[in-house]
Amino acid sequence: MARLEQLKAASVRHIVGPTIMLGSGTYFDFAEPENSALTVEDFAYGLAAACRFAGQSVSRVTGKRVFYTVAEHCVRMSYAVPAGFEYDALMHEAGEPTCGDMVGPLKSLCHDYKAIEKRCERANFERFKVRMSDPDLIKLYDLRMLATEKRDLVASADRDQWAWAQGAQPLDFQIVPWGQHEAAERFIERYVELAPAGAPRPTSKERPSPPDFGPGRWA
C-alpha cells in the first residue's frame, strides 16, 4: 500500500506547486496560475479537447454520438451575444483549458475544485485582457447556449424533461458539431478577430495540423 501511494504521488509533477505540461512546452501551476504563461494555442486546444456533457452528446440530426467541444460552445456563443460582448463570450470558459469541463451536477459537489477553477479563470481573464463587463448578460447567453445544446445534442428524454425550465430560449441556429481540430482553429481565428490590444497573440509554429491517418483512416 505504501508503495502504491508513492507511485501515485510520483505521478503529480511539482515545480513550485502541482503542475501540468502544456502543449506549448511550458508548465501550468494550479497553486499559482497567475504565474503560468498559457498561450492562445494552449487555451484553444485545451477547450477543444474538453467535451460538453461528459461526452454524452447525441446529434438530433443524425441520431449518432458526437464529440461537442467547449471551444465550439464558446465560438458559437461569441456570435450570439450583442455587439460589444463578443470577446467576453469567446473567453468565458477561461478556467477550463487546464481544469477541463466538469459537468455541473458533479461540480456542485466538489467545492475545492470549484475554488481552484475560479482562481484559474481569474488568472486567465487577467492574462488575456478579458473585462467581463456584464457577467449577467454572459450568463444569460450561456443558458441560451445550454438550451440550444439540450435541444440539438442530448437524448430525447432529457431534452423533453428540461423543456427550457431555466427561462432561457434556445438560439435560432442548429448545432452540428465541427470536431476537435476545426473547433480549435475556429477559436483561434475568432480570437485574432476579437482580442484587444495587449492580449497575447497566437504563434503559428504552435498550431499543429490534424493528424493524417492515411488511406485507411476512418470515414
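This is a predicted model: local features need pLDDT of at least 70, side-chain atom pairs count only at pLDDT 80 or more; totals for chains, interfaces and linings use all residues.
**View 1. Histidine 73 sits in helix H3 (residues 70-80).** Welcome to a residue with 0% relative accessibility, which therefore counts as buried. Its side chain makes a polar contact of 2.7 Å with the side chain of glutamate 149, and another of 3.0 Å with that of aspartate 142. Beyond four places away in sequence, histidine 73 also touches other residues, among them Arg52, Tyr68, His92, Glu93 and Met145.

**View 2. Aspartate 152 and arginine 60 form a salt bridge of 3.1 Å, N to O.** Here two distant parts of the chain are linked, 92 residues apart: arginine 60 belongs to the loop between strand S4 (57-58) and strand S5 (65-66), while aspartate 152 belongs to helix H8 (residues 135-153). Aspartate 152 has 1% relative accessibility, so it is buried, whereas arginine 60, at 39%, is partly exposed. Look too at arginine 151, whose side chain meets that of aspartate 152 in a salt bridge of 2.7 Å, N to O. Arginine 151 is buried as well, with a relative accessible area of 14%.

**View 3. Glutamate 182 and arginine 186 pair up in a salt bridge of 2.6 Å, N to O.** Both lie in helix H10 (residues 180-194), and because they are four residues apart, about one helical turn separates them. Arginine 186 is partly exposed at 34% relative accessibility, and glutamate 182 is partly exposed with a relative accessible area of 34%.

**View 4. Arg52, Glu93 and Glu149 belong to one network, joined by salt bridges that share partners.**

Methods:
Residues are numbered from 1 along each chain as its sequence is written. Side-chain values use heavy atoms; hydrogens and water are left out. Buried means under 20% relative accessible area, exposed over 50%, partly exposed in between (1.4 Å probe, protein chains only). A polar contact is a pair of N or O atoms within 3.5 Å; within protein, one must be able to donate a hydrogen and the other to accept it, and residues adjacent in sequence count only if both atoms are side-chain atoms. Contact means heavy atoms within 4.5 Å. A salt bridge is a side-chain nitrogen of Lys or Arg within 4 Å of a carboxyl oxygen of Asp or Glu.
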